[in-house]
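Could you walk me through this protein model, one selection at a time? I have it open in my viewer and would like to know what to click on next.

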Amino acid sequence: MNIKKVLVATSLAGVSLFPAAAAVLTADDYCSPKLTAPKGIKDMQPMHDGDSFTAVSDDGKAIEVFSYKTGEKISTLFDVNTVKGDIKIDAFDGYQLSDNEKKILIWNNTSKIYRNSFIADYYVYDILRSTLAKVSNDGKQRCATISHDGRMVAYMRDNNLFISNIDYKSDKAITKDGKINEVIYGAPDWAYEEEFGMDSSIRWSSDDSTLAFIRFDESKVPVYSFDEYGIYSSKDPLGPMYPPAYSYKYPLAGYPNSTVEVLAYNVDNRTIKKMDINIGDGYVPAIDFDGEGKNLMVMVLNRGQNQLQLYKVNPGSTVAHQVISEDSEAWLSPAAYQMVKYYASSFVIGSERSGYRHLYEYDYAGNLIRQITKGEWNVTQYYGKDSKTGFHYVQTTQNGAINRNVASVDAKGNISMLDGAEGTESAAFSANFNYYVRKYNSATIPPQYSICNNKGKVLKTLQTNAEYASRYSEAPKMEFLKVRNAIGEEMNAYIIKPLDFNPNKKYPLVMYQYNGPDSQLVLNSWKMDGTYYLASQGYVVCAVDGRGTGNRDRKWATCVYKDLGNLEVEDQLAGAAYFSGLPYVDSSRTACFGWSYGGYMTLMELASKDCRFKAGVAMAPVSDWRFYDSIYTERYMLTPQQNERGYDSSSALLKSNGVNSRLLIMSGTSDDNVHFYNTLRYTSKLNAEGKIFDMMAYSGYEHSLRMDGARTQLYRKIVDFLGTVLK
């Protein structure tokens, strides 16, 4: 259930001096991801000199170099129009600089697999010679990773691992038994990609003599299949007469997972060794080389995800030594243990052992050197350490859970915010930590980019999104407040009032929700989406982050452990009671709406005896946690075999007979994440119970509906539905 943001390319040259006049906004202006995305800096990467960074040009045809000091363009590193030699390309989708900055790995013709994974055609660009070399001529590649010296590229194709030697023009498989739906080398399986955020496990040692990777054996994972009905096309209005089935390995809660091994390939003698680590039925959520690039650092997580071990492994001898371990009574959050960086003599890793997410520094023998950050707040990003000063740079919630600020931590543990403004601030630091590109936004201010020194002083404004801001100047605005739950605890909340709001009128209410474990919906950041469209259509839109959500204290998050959907429902309904009591809200015309976990919340709330909603909208809901993937579900619920009572108590499907409000339930038929089956089982039970409901299916669409205007259609349908049932 991961969600990632994508920035749109923009010039670094600055802003228009004459922003366009605000226009009447349409449903597309609020709902289409292509239109709602503000300008940003595309694929920014710091260079080793500490004074410059690279970014993709406005037209997407070049990789340009910019100065941190001035923000001005210095040079062009790559341009599709100036490539020499026989191999040329018209465009590219991404790039990766080799560590010695002499070669660039470039890819194009990208084809999506799952949420973030893809295959593509990869090339290596020689900066000195201005020539391109194709990594392989035998088909598209996945997870391509360039060696430090730029001479080799490791990649996966047809589930096997290959090494392409650019100098010798060789392209050889180093594994042989990879097979679709059975064995995968280097690339993660579906569940690891979705729930650990893993995009590749391929890692080069610093001298490029060793290639480390994970072998996934998913042969015992049951196959999940669904029919690919496809999206309507005027070029092929009938579509296939026999829709093909899509089959892949998807481990449901309690079913077998992939078994994993950590392997290392010796480039010189062409041998593969298995690292001597007892993984059992657990997970390896991350591998990397240590700060010197010699020993392999391997995280091992038990299946219940409440025990973590970090091992240091010699890839030659395969001998592993446990460095640290951590246990918890509830789940260990990936947001903590994946916040890790390895240095020459020590490493830094996140932990929530104190009740908040903080950073700890260890030596490689496992001795705690110090706790870097402390306090009743969370570290939400770790940017790294300045080796000269010993300062660490972080993003924190010191200004409250709804805000994010960049801060420095000195050698004594003193922490200083570099700006302190309320909103959401993030940083992209130079290699030497002398500068950073600051991104700042809030619920009312679209993203702004500037270059700052490491004290927070602005040196150059890069982008203010002035024209974009002008375009949305008449859009509804978000306001923040505190709302108490049923036991008197404060919940962070927001409200978006309709356009031309009149406090003397009565408006219908839509309560938007997610409330999944460790999630956060109420955040002081820019997000123009369909909720603002609902407000523009005359609805008061509100949201609360109830118990179970993240970036408060650990107790607040883990109180829902092994019993999802119950305390959260109490808190959402308490929020609904507060907002329904506002003098400008018509308490007889209220609805709830959620997507994914939020869709599940809609189903659970409508079934509650305390439900006060006249209607609910559930998009792509989980209807029973036994239908969802093992890694996410078992993190919070354990397995159904271990927690049958909890699964029954948390099942929307088993509580459907309590639904008395009108329901609109929607899903994409090609959703590989929350399967359409969840919706079909739930609606089948509603039919058996004789209930009247509304349903809409998006043929051929996946979980997020980001293609072909589908999101606009979804919100238009919601407005149509609510306009009918909330009369």
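This short tour of a predicted model goes from a strand to its neighbours and then to a pocket.

**Stop 1: strand 10.** Select residues 152-157, which make up strand 10. Six of its six residues are buried, so the strand is mostly covered, where buried means under 20% relative accessible area. Now turn the view to compare the two faces. Met152, Ala154 and Met156 sit on one side, while Val153, Tyr155 and Arg157 sit on the other.

Stop 2: Next, select residues 160-165, strand 11. Six bridges link strand 11 to strand 10, and the two run antiparallel. Look for methionine 156, with leucine 161 of strand 11 opposite. This hairpin has two residues between its strands, and aspartate 158 takes a positive phi near 50 degrees.

**Stop 3: the second largest pocket.** Which residues lie nearest the centre of this pocket? Select Ile113, Tyr114, Arg142, Asn159 and Ile180 to find out: they do, out of 23 lining residues. The space inside is about 450 Å³. Strand 10 returns here, supplying at least two residues of the lining, as do strand 6 (103-112) and strand 17 (245-249). Strand 17 gives the most, with four residues. Finally, colour the lining by class to find 10 nonpolar, five polar and eight charged residues.

Methods:
Residues are numbered from 1 along each chain as its sequence is written. This is a predicted model: local features need pLDDT of at least 70, side-chain atom pairs count only at pLDDT 80 or more; totals for chains, interfaces and linings use all residues. Side-chain values use heavy atoms; hydrogens and water are left out. Buried means under 20% relative accessible area, exposed over 50%, partly exposed in between (1.4 Å probe, protein chains only). Two strands pair if DSSP finds at least two bridges between them. On a 1 Å grid over the protein atoms alone, a cavity is a set of points where a 1.4 Å probe fits but cannot get out, and a pocket is an open set with protein on both sides within 12 Å along at least five of seven lines; lining residues have an atom within 4 Å of a point. Grid points are joined across faces, edges and corners, and a volume is the space filled by probe spheres set on the points. Ala, Val, Leu, Ile, Met, Phe, Trp, Tyr, Cys and Pro count as nonpolar, Asp, Glu, Lys and Arg as charged, and the others, Gly among them, as polar.
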